[in-house]
Amino acid sequence: MNLNIFASHKSFLILSVAAFFISCQLKAQDSTSQSVQDIKMSDDEPYTPYSLWMTVSEMSRVPQSYLLDFSTKPKWSYVMGIELESMLDTYLRYGDQNIMNYLQMYIDTIISPEGEIRGYKLNDYNLDNIRTGHFLARMYQLHPEVKTLAAIHTLMRQLEEQPRTDGDSVYWHKAIYSYQVWLDGIFMGLPFRVLAASMFLDPDSAMTVYDDAVYQVSETFHRTLDSATGLNRHAWDETRQMFWADPVTGLSRHCWGRAQGWYTMALVELLDALPNDYPGRSKVLDLLRLTLDSVLRWQDVESGLWFQVMDSPNRDGNYLEATCSSMFAYSLLKSCRLGYVDKSFGDAGHRAYDGIITHFIRHDPNNLISLTHCCSVAGLGPGISPKVLKAAPDVKENRRRDGSFEYYLSEPLRDNDAKGLGPFIWASLEMERLNMSGHAAMMPSTPR
């Protein structure tokens, strides 16, 4: 595929984008004044909506958007894409050119005028590197630029070439994780692929992408499903040779909360991108309902939240974790609003959101807020086998990441991890759509 596939659609797209951008600008002008600072209630009080309050807090903490996620230099990373896309949705809801400038700063810093992505290597076949393409595609809808289109094309090409498992034909998570299917990777790759197909491909080619995405998300569900809990294990190794994998099933040992959250949000985003008349939507809806039903069974009754090791809530040392809880709150609230599930799921999302505000939101000096209790990172391996070494000769084994209960608890916690901030902002926007958050409910009673 080359850039010519986009040419026939470009004129139509630019006209559509222009109309969409004008409507967003009018909406922004109706809902807010020109400066983020003007949206504050007073010098002594915080912003009314939590989505905007957290967005402004992050912009204050990290004035350069390309240094989000505790970076010391500009980098292309899925975590930036997730947080920036949630800020984009805040902009679309409340306006303010300062937010848009912050978003554009990342694109202008990371993508060259020729469309080259700083630090990106296609041959790593890293699905994580695809995710920020979802943010690019949505920014392109507002501001079509040649460099952005070229970067999107590069990411689409990676997915065309992405290696797959031999038996099920599902994407490898990365070259260093060859023959492995991770829940994380479903969120990182498939929503972008479907969105880009809907924007740039002819109907027949787009339909092929839709069918493949529904197939992959379904195969992943069934391959990773733990029938005893109804939850999905973090990952599956087709070779059954990785040190973290069960030698019979190939499954990792536990359901990690954030991995389950990635998969759940992927289902929601696929439904966002798939056409309403596409026949395969019903399969994704069925998966979403099954997944959310299982997620609810593991919601902590007292707090409304979820545990780091989701399938072992009563084991000593386990803790309530902010990133997965934000992901589930967002998915429940949005799924209810869109009619995918009934009101009981929305009520559960509301309880989860209240739990996040109570347990995880801290009121900091200068009227900023923070999201606390975020697991910084977790993964599996890499491990070494002849097949892995063939795919990634320079891979270095990491046996500490063995998927055990103890391992998931050993990874450090930190505040304001982008993997939690993005879903928290999205969950806040859902609450604000429902007008469930009055000013009194939005401000912690005492700084935490």
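Predicted model: local features only at pLDDT ≥ 70, side-chain atom pairs only at ≥ 80, totals over all residues.
Residues are numbered from 1 along each chain as its sequence is written, and side-chain values use heavy atoms, with hydrogens and water left out.

The protein chain contains 16 helices and 8 strands, taken as DSSP runs numbered from the N terminus (helices H or I, at least four residues; strands E, at least two). Of its 448 residues, 62% count as buried, where buried means under 20% relative accessible area, exposed over 50% and partly exposed in between, with a 1.4 Å probe and protein chains only.

Helix 10 comprises 17 residues (281–297), which at 1.5 Å a residue should span 24 Å, in agreement with the 25 Å between its end C-alpha atoms; the expected span is 1.5 Å times one less than the number of residues. Its buried residues are Arg281, Val284, Leu285, Leu287, Leu288, Thr291, Leu292, Ser294 and Val295, and their cover includes helix 8 (203–224), helix 9 (257–273), helix 11 (322–337) and helix 12 (343–359).

Helix 10 packs with helix 11 at an angle of about 130 degrees, the axes being 11 Å apart; axes are lines fitted to C-alpha atoms over the stretch in contact, and angles run from 0 to 180 degrees between N-to-C directions. Helix 10 is therefore oblique to helix 11, given that angles under 35 degrees count as roughly parallel, over 145 as roughly antiparallel, 65 to 115 as roughly perpendicular and the rest as oblique. Leu288, Leu292, Val295 and Leu296 of helix 10 make the contact with Phe328, Ser331, Leu332 and Ser335 of helix 11.

Asn366, in the loop between strand 5 (361–364) and strand 6 (368–371), has a positive phi of about 65 degrees although it is not a glycine, and counts as exposed at 71% relative accessibility. Asn416, located between strand 8 (413–414) and helix 15 (418–433), likewise has a positive phi, near 60 degrees, but counts as buried at 10% relative accessibility. The peptide bond from Gly381 to Pro382 is cis, with omega near 10 degrees, and Pro382 is found in the loop between strand 7 (374–375) and helix 13 (386–391).

Note on methods: Contact = heavy atoms within 4.5 Å.
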